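Please look over the structure before reading on.

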Amino acid sequence: MPHVLLINPWITDFAAYDFWLKPLGLLYIGAVLKEAGYEISLIDCLDRYDEELLEYQQLREPRNRFFKTGKFHREIIEKPHIYRDVPRNYARYGLPLSLFRSKLSHLRKPDVVLVTSGMTYWYPGVQQAINEIRQQWPDVPVALGGIYATLCREHAIQHSGADFVVSGEAELKALQLVDSLCGIKREYKNFPTSLDALPWPAFDLYDRLGFATILTSRGCPLSCSFCASRIVSGPYRWRYPENVVHELEYYVKKLCVDEIAFYDDALLTNYRRHLSVILEKILAINLPVNFHTPNGLQCKLIQEDIAELMYRANFKTIRLSYESANPERQKFDMSKKVSNESFVRAVNNLYKAGYKTGELDAYVMIALPGQTLEEMLWSMAFVHAQGVKIRLATFSPIPGTMDYQRAIEQGLITENTDPLLTNNSIVPIKPKGTNYHTFEKINLLAKGLNQELLNGQIYKDVASLVKYLKRHFTHEEIGGQSNITIPSLVTRNTQLTTNN
Ligand code: SF4
């Protein structure tokens, strides 16, 4: 039986944390290939439950923080030259290199190796994994797929070292490629065209699972200016609720998982016919599991009924897509998925359902093209004033998105910019007058506000809070003033003027 090795390579970055990371795309491909008769092996460099890794770390269990999230093992490595001025350690996160090599050497020689990829600027980890495979088996074909291979196809062809680069959704493409490399002829006209006809991701390839992840849909019907969902996942489609429930049941009952993260980009779309139905069924069978939504939820869709269902169904991690307090940006760049009013309404609905102050997080985007420091501070203050923790998301220009194009037009990047320079850890696009340390201060202020919140202290006067936050920055850093006025209907406890 032909043997296919699947590899989820390391993350190479200044920081990384395991918020329920699993290579779902690769696991879907693994399931398809398995069903087609291939023998499949998996090396997931980011699997913190790997028995050999735990032995290496002299641990019985991974050091988890909350809900089985935790820090990856890391090895500090030399920084790519491009990062020479960044005053931080650069590391390879995941399996130690020696362990990766040992795993390769103990495997039966594969007929094909499929490597996936995550963020575009993690490509050094991809390169190294492919290089290691080459050292072990110089004549085995290697194919690369995943996000980097999709968004930076030409770069991946030139620099990854793979023999084949597969972009976009790849279940069928991978099967066709592997078949042709193994000399197998097959009819593809019956290959599933709907998500429900695909086999579930091959989580059974893991010896041990701490948590699982699931997709109830793919893609997103909206198109925000910074987001690559459409390019990576294709048009929006959703699965039958029954199929999703059976998959969840399988993870909990057969694979003994008790934490599950939804990876959907648009989990709440059509929720009365989709997520609500799933959750009603989950509640009816009393599944003992916690749920998490690491991707942001669309605030305008969080009505009382779904908030209540999510609370009852044990959604423990709720992240809201707030992004910015600037109404213009909400309207034109964020597909109207959120407004200041709908954010407050969503938060109130979640509180009414049972969530407490400090249990909700909201994404606040910083360093967007054309965004002033003041806009960022307003956004942070507004989120904090609702009793919600601030989760900063630094903008990264993603090829193919509207903001990427804008950044090129504004001369901030070029078509040939090395993906390493789009790493959000280095704040790729900084407003005039700001520098790397400006953003360190923003991070510290956000952490401080979150801590205050957890201590029970909420600053409800948004304008005064912005004024206080601004004191930490120089006149040059503050730069231009934003015209942000928070609508009166949502500012019960706040002043209405910006008091610049
Ligand atoms: S709603 Fe979310 S997933 Fe959809 S386009 Fe906007 S950012 Fe992307």
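Which strand supplies the largest share of the lining of the largest cavity? Strand β13, residues 290-298, does, with four residues. The model is a predicted one. Two cavities of 30 Å³ or more are found in it. The points below take each cavity in turn, then the ligand.

**Largest cavity**
- The volume of the largest cavity is about 40 Å³.
- Its lining is made up of Phe262, Asp264, Asp265, Leu267, Thr293, Asn295, Gly296 and Leu297.
- By class, the lining of the largest cavity holds three nonpolar, three polar and two charged residues.
- Among the lining residues are Asp264 and Asp265, and aspartate counts as charged.

**Second largest cavity**
- Tyr28 is one of its lining residues, along with Leu195, Leu198, Leu215, Thr216, Ser217, Arg218 and Arg239.
- Four nonpolar residues, two polar ones and two charged ones form the lining of the second largest cavity.

**Ligand surroundings**
- Around the ligand sit Cys220, Leu222, Ser223, Cys224, Phe226, Cys227, Asp265 and Lys337.
- This shell has five nonpolar residues, one polar residue and two charged residues.

**Why look for cavities**

Conventions:
Residues are numbered from 1 along each chain as its sequence is written. This is a predicted model: local features need pLDDT of at least 70, side-chain atom pairs count only at pLDDT 80 or more; totals for chains, interfaces and linings use all residues. Side-chain values use heavy atoms; hydrogens and water are left out. On a 1 Å grid over the protein atoms alone, a cavity is a set of points where a 1.4 Å probe fits but cannot get out, and a pocket is an open set with protein on both sides within 12 Å along at least five of seven lines; lining residues have an atom within 4 Å of a point. Grid points are joined across faces, edges and corners, and a volume is the space filled by probe spheres set on the points. Helices (H or I, at least four residues) and strands (E, at least two) are DSSP runs, numbered from the N terminus. A residue is near a molecule or strand if one of its heavy atoms lies within 4 Å of it.
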